[in-house]
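Please walk through this fold with the model open beside you. We start with the sheet, then move to one helix residue.

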Amino acid sequence: MRKGVMRPGHVQIRVLDIEEALKHYRDLLGLIEVERDTQGRVYLKAWTEIDKFSVVLREADHPGMDLMGFKVLNNEVLEQLEADLIAYGCEVEHIAAGELNGCGRRIRFVAPTGHHFELFAEKEQPGKWGVSKVNPEAWPRDLKGMKATRFDHCLLYGPNIEETYALFRDVLGFDLAEQVVDPEQNRVAVFLTVGMKAHDVAFIDCPEPDKFHHASFYLETWESVLRAADLISMTETPIDIGPTRHGLTHGQTIYFFDPSGNRNEVFCGGDYHYPDHEAVTWKAEDLGKAIFYHDRVLNERFLSVLT
């Protein structure tokens with residue numbers, strides 16, 4: 001049952017050098033730099049997003065993900081979900097409005113996988129970047145790099161997959177779109193959505209908690225993904241794998257790394273999901289084809305390189 005969580009709102013990523021990271025996220029991925037705050041964090045957004053920002057970069061001594069935020073329908077929903085989280089047994093931390101520039105108050109909790117998540121209802125909405133809210137043109141003319149259109153999802157590694165799935169399903173109202181099961185029918189991966197997308201967040205079983213596999217950004221076409229691959233080679237950006245197709249979600253994809261070692265994905269296409277759709281199941285012994293449909297094998301980096 002949907003509980004009023006609308007969509008991914010933002011991800012805060014740790015990077016080793018802000019200026020090097022900006023060459024990657026702004027100039028290569030094509031995100032727009034919005035502003036910097038007094039803590040030195042840099043705020044970015046993709047051009048189609050109406051909220052003020054969707055990516056926050058924070059300079060640190062080790063890479064990874066600080067947190068992922070989801071936007072909820074309104075403050076009444078936020079209050080109800082806070083009460084539901086507490087009743088479920090989660091410790092909830094209150095983050096004051098304005099701690100992230102332009103964002104309202106947030107409530108933060110830790111999932112059983114060890115990852116930090118937060119919910120918020122309000123964020124400044126300047127609208128799509130570079131086009132008017134009235135009679136808008138098709139796209140801005142001065143986009144850079146890959147011209148990413150939105151922050152789409154994160155894939156996260158950690159333990160307690162079943163408990164995390166239960167939390168997102170029962171308290172936050174996420175649907176299970178796809179899953180990977182082992183021969184004993186235990187879930188080893190879950191792909192969760194709150195809308196029509198193939199997934200908004202995904203988890204893969206891993207003994208070490210709070211590991212970041214990738215943040216993903218949506219492109220418009222397969223030609224755009226191929227162009228992204230060209231740009232990756234032009235800039236000598238470390239590549240993981242692709243361009244190729246997923247079996248899971250059937251999206252067309254390429255994976256690569258930022259200068260700090262955080263993995264990114266850009267993709268297009270993919271399946272859609274309605275609440276009455278039964279979850280798609282993949283067998284763990286066929287995980288190679290599930291992840292990389294064409295090669296049908298997993299490269300070691302994809303499984304072992306985490307931040």
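Two strands count as paired if DSSP finds at least two bridges between them. Strands (E, at least two residues) and helices (H or I, at least four residues) are DSSP runs, numbered from the N terminus. This is a predicted model, in which local features need pLDDT of at least 70 and side-chain atom pairs count only at pLDDT 80 or more, while totals for chains, interfaces and linings use all residues. Residues are numbered from 1 along each chain as its sequence is written, and side-chain values use heavy atoms, with hydrogens and water left out.

Begin with the sheet. Eight strands form an open sheet with mixed pairing, in the order β2-β3-β4-β1-β5-β8-β7-β6. β2 (32–36) and β6 (93–95) stand at the edges, and each has a single partner strand, so one side of each lacks a neighbour in the sheet. From one strand to the next, the twist averages 25°. Axes here are lines fitted to C-alpha atoms, for helices over the stretch in contact, and angles run from 0 to 180 degrees between N-to-C directions.

Now take strand β1 (residues 5–15). Buried means under 20% relative accessible area, exposed over 50%, and partly exposed in between (1.4 Å probe, protein chains only). Nine of the 11 residues of β1 are buried, so the strand is largely enclosed by the rest of the structure.

β1 pairs with β5 in the antiparallel sense, over eight bridges. There, V5 stands opposite V72 in β5. β1 also runs parallel to strand β4 (residues 55–59), joined by five bridges. In that pairing, I13 has L57 of β4 as its bridge partner. R14 is bridged to R58 of β4. In a regular strand the side chains alternate between the two faces of the sheet.

β4 also pairs with strand β3 (residues 42–45), which runs antiparallel to β4 through three bridges. V42 stands opposite L57 in β4.

Go next to strand β5 (residues 64–72). Four bridges join β5 to strand β8 (residues 116–120), and the two run parallel. F70 has L119 in β8 as its bridge partner.

Which residues does F168 touch? F168 lies in helix α3 (residues 161–170). Contact means heavy atoms within 4.5 Å. Leaving out residues up to four places away in sequence, F168 touches F70, A111, F117, G173, F174, L192, V201 and F203. F168 is buried, with a relative accessible area of 0%. The C-alpha atoms of F168 and T113 are separated by 12 Å, and the two residues are 55 residues apart along the chain.
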